[in-house]
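Welcome! Here is a short briefing to read alongside the structure. Take a moment to look at the picture before going through the points.

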Amino acid sequence: MTKRIHVSTELNGDAVDFLCDPRETLLDCLRDHLGAMGAKEGCGTGDCGACSVTLDGRLVCSCLVLGVEAEGKQIGTVEGMADGESLHPLQRKFIEHAALQCGICTPGILVAAKNLLERNPDPSETEVRYWLAGNLCRCTGYDKIVRAVMDAATEMREAS
Amino acid sequence: MNYHTPETFEDAAAIAARAAGTTRFLAGGTDVLVQLRSDLVTPDDLIDIKHIPAAKAITRTGDGGWRIGAAVSGAEMTENAALCADWPGLVEGMDLIGSTQVQGRATLVGNLCNGSPAADGVPGLIAAGCTVTVIGPKGSREVAVEEIPAGPGKTSLAKGEVITGVTIPARGQHGGDAYLRFIPRTEMDIAVVGCAVNLRLDGDTVTEARVVLGAVAPTVRLVPEAGEAILGTTLEAAALDRLAEAASAACQPIDDKRGTIEFRTHVAGVLARRAAKIAHARAKGGTA
Ligand code: FES
Ligand code: FES
């Protein structure tokens with residue numbers, strides 16, 4: 001048994017710490033040690049994007065990051081998107097456009113889309129599709145997802 | 001597994017040199033973590049190089065070239081407008097690897113050290129004439145990138161050696177590079193064939209040319225005959241025919257579900273032509 005390592009990090013703006021085996025992924029640490037169940041495991045190998053989170057503002061697959069690498073970093077997950085009871089515009093638009101069915105891909109897609117809109121508030125449809133190419137969805141056929149993201153982008157631009 | 005976070009490359013190499021069991025260096029982790037998970041590799045010592053300041057830096061060298069640290073991610077490269085302007089082909093090769101999420105972590109040096117013959121990041125490096133700095137028990141040495149790959153999944157690095165970063169030469173006047181790959185879809189796939197071309201022109205005439213093929217041999221391969229085929233030409237039809245022929249002749253591909261030997265050999269020639277034309281246009285100042 002490897003010695004467990006103490007990791008201090010920030011999750012959605014809150015200081016948190018946990019103990020983990022250095023082999024554990026950030027995804028497992030989020031789910032098993034921090035109780036943040038938003039990020040999902042689809043593949044565990046960086047192919048599906050269901051585990052997408054941000055690390056210091058950079059979109060990554062948390063299954064391809066070790067928990068110990070989060071030391072001193074800021075992690076952003078879907079749990080940090082809504083402001084109390086009021087949903088993030090992307091979350092509202094996903095419901096309006098019925099952009100989810102089983103919902104397994106949804107937290108990852110929301111985190112990825114939010115990261116896109118922070119960098120590019122006015123993306124073209126092609127840009128949205130390429131940005132989200134690493135987020136697989138086996139239910140919706142993607143079209144509703146892309147429309148929801150475009151619609152949220154419009155609303156967020158008008159509101160700002 | 002021991003997790004190390006050295007703050008210098010010398011320390012990183014020393015940890016690897018004295019390790020008794022399996023060692024892996026960790027930068028972006030997009031290959032290493034997949035190997036860990038599938039139990040292909042179970043390191044006793046994992047050496048995270050991201051705490052080494054130089055590993056995370058993109059800097060200009062004194063002669064107008066570039067230095068890319070071993071832990072710089074693809075996203076950090078594509079966000080550097082001056083680097084993209086100098087070496088669009090080199091950067092587009094890296095940028096083709098994986099999703100946005102993978103780009104946030106994956107590194108050029110990692111792509112090189114993973115040793116895949118289909119590595120999209122590597123042909124552009126070799127075409128550009130890049131070198132890597134290797135630090136190990138015997139000190140430091142500068143090695144041409146084409147000398148690192150040694151076969152599928154293998155490199156020429158010895159135990160205790162680590163690559164600290166890539167040195168890209170100065171772009172200089174009237175130069176252009178390009179990378180193209182063939183995949184059966186539009187995104188998120190492994191090259192069936194890849195081709196990088198780097199040229200320098202005098203007027204319209206090619207005065208320097210390096211042509212590099214990926215996924216058609218056990219390693220990414222520099223093809224000097226293909227470069228020679230277009231030297232002194234303006235890429236007229238006959239020159240492009242000779243280029244395609246030389247590129248195809250250099251192929252020793254595998255036959256698999258992703259592409260037959262015949263297909264890969266043919267496509268290598270097609271991509272060489274197209275990449276040469278793009279590199280030519282870029283050398284003329286176009287943004288093709
Ligand atoms: S679970 Fe991480 S990409 Fe699929
Ligand atoms: S809603 Fe089921 S996978 Fe996307």
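Predicted model: local features only at pLDDT ≥ 70, side-chain atom pairs only at ≥ 80, totals over all residues.

**Two domains in chain A**

- What kinds of contact join domain 1 of chain A to domain 2 of chain A? There are zero salt bridges between them, but six residue pairs are in polar contact.

**Where chain A meets chain B**

- Chain A brings 28 residues to the contact and chain B brings 26 residues.
- The area buried between chain A and chain B is about 2100 Å², with 60% coming from carbon and sulfur atoms. Within chain A, the residues that lose the most area to chain B are A:R58, A:L64 and A:E69, which together make up 29% of what that side buries.
- Five salt bridges cross the interface of chain A and chain B. A:R58 forms a salt bridge with B:E79, and their closest N and O atoms are 2.7 Å apart.
- Nine residue pairs are in polar contact between chain A and chain B.
- On the side of chain A that touches chain B, β4, α3 (106-119) and α4 (125-131) of chain A each supply at least two residues. The largest share comes from β4(A), with four residues.
- By class, this side of chain A holds 15 nonpolar, eight polar and five charged residues.

**Salt bridges within the chains**

- Side chains of opposite charge can pair when their charged atoms come close.
- How many salt bridges does a search of the whole structure find over all chains? The search finds 28.
- In chain A, the side chains of A:D143 and A:R129 meet in a salt bridge at 2.9 Å, N to O. A:D143 sits in helix α5 (residues 143-159) and A:R129 in helix α4 of chain A, 14 residues apart.
- Both partners are partly exposed: A:D143 has a relative accessible area of 31%, and A:R129 has one of 34%.
- A network of salt bridges links A:R92, A:K93, A:E96, A:D151 and A:E155.
- In chain B, the side chains of B:E92 and B:R282 meet in a salt bridge at 3.1 Å, N to O. B:E92 is in helix α5 (residues 88-95) of chain B and B:R282 in helix α11 (residues 261-283) of chain B, 190 residues apart.
- Is B:R282 buried or exposed? B:R282 is buried, with a relative accessible area of 14%, whereas B:E92 is partly exposed at 24% relative accessibility.
- B:R258 forms a salt bridge with B:D189, the closest N and O atoms being 2.9 Å apart. B:R258 lies in the loop between α10 (237-249) and α11 of chain B, and B:D189 in the loop between β11 (175-182) and β12 (193-202) of chain B, so this pair ties together parts 69 residues apart in sequence.

Technical notes:
Residues numbered from 1 in each chain as written. Chains lettered and ligands numbered in written order. Heavy atoms only, no water. Salt bridge = Lys/Arg side-chain N within 4 Å of Asp/Glu carboxyl O. Polar contact = N/O pair within 3.5 Å; in protein donor to acceptor, adjacent residues only side chain to side chain. Contact = heavy atoms within 4.5 Å. Buried area = accessible area lost by both parts, 1.4 Å probe. Nonpolar A, V, L, I, M, F, W, Y, C, P; charged D, E, K, R; others polar. Buried < 20%, exposed > 50% of the residue type's maximum accessible area, 1.4 Å probe, protein only.
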